[in-house]
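Hi everyone, thanks for making time. I'd like to walk you through one protein, so please have a look at it on the screen.

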Amino acid sequence: GTLVTLMAVGGGLLLWQLPQLRQENLVEVRREAGQLAEHMELLLGGRQLQLELAGAVLAQPSRNSSTDMLDTLTGEGGSFEAIYLADSNGIVQAVSLRSKAQARRDELLGSDLSANRMYQLGLQRNGAVWSNKFLSALSGDVTVGIAIPMSGRMLIGELPLDELLRT
């Protein structure tokens, strides 16, 4: 009798508390999702700033090559998988790739990005444009892209999504 009563009372209390527990969990999940979104915005904003600064440096007369400048963003500790610098016609003038893809550099130089969606959106909006996630033809990884127009040229960068999520 006592055991049945305790189980009935305990079960009743549990049923009474379930909506409150569910609400508390929902509030906590929303809070964590908001924090994650803020973190991702900061992270992507930092990557965008890196590419914008590289674009500003590339706009200045320099003895260094464009590729050397871009290699600082794809090299050891760099954030980007690939960066393309295209002229006003969409022709790739410089490309920087992570070491595992270096063999494709010559193949990509001179290629035409004028029909590339990121290139087109960058031209239309005349400002930085982020892509949705996509499968990179270069690495085969799920990637996000950014296009930044700069003085008649376009910088397009690819960031591996898994690296962003680990950061």
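Predicted model: local features only at pLDDT ≥ 70, side-chain atom pairs only at ≥ 80, totals over all residues.

You'll find Leu18 in helix α1, which covers residues 2-58.

Is Leu51 buried or exposed? Leu51 is buried, because its relative accessible area is 0%. And what is Leu51 in contact with, if we leave aside its neighbours within four places in sequence? The answer is Leu73, Phe80, Ile83, Ile146, Ile148, Leu155 and Gly157. Take Ile83 from that list: Ile83 is 32 residues away from Leu51 along the chain, and their C-alpha atoms are separated by 8.9 Å.

Okay, let's zoom out. The protein has five helices and six strands. Reading from the N terminus, the order is α-α-β-β-α-α-β-β-β-β-α. What about the overall shape? The C-alpha atoms fill a box of roughly 90 × 30 × 30 Å along the principal axes. The radius of gyration is 24 Å, whereas a compact globule of 167 residues would come out near 15 Å. Of those 167 residues, 34% count as buried. As for the surface, the protein exposes about 10,400 Å², and 57% of that comes from carbon and sulfur atoms. One more overall number: if you take contacts between residues at least 6 apart in sequence, 47% of them join residues at least 24 apart.

Last stop, helix α4, residues 117-125. Which residues of α4 are buried? They are Met118, Tyr119, Leu121 and Gly122. Looking down the axis of α4, these buried residues fall within an arc of 165°, so they line one face of the helix. Over on the other side of α4, Arg117 and Gln124 are exposed. And what covers the buried residues of α4? The cover includes strands β1 (82-86), β3 (129-130), β5 (142-150) and β6 (153-160).

Definitions and conventions
Residues numbered from 1 in each chain as written. Heavy atoms only, no water. Helix = DSSP H or I, 4+ residues; strand = E, 2+ residues; numbered from the N terminus. Rg over C-alpha atoms; globule rule 2.2 N^0.38 Å. Buried < 20%, exposed > 50% of the residue type's maximum accessible area, 1.4 Å probe, protein only. Contact = heavy atoms within 4.5 Å. Areas by Shrake-Rupley, 256 points an atom, 1.4 Å probe, with all protein chains shown as cover. Arc of directions from axis to C-beta.
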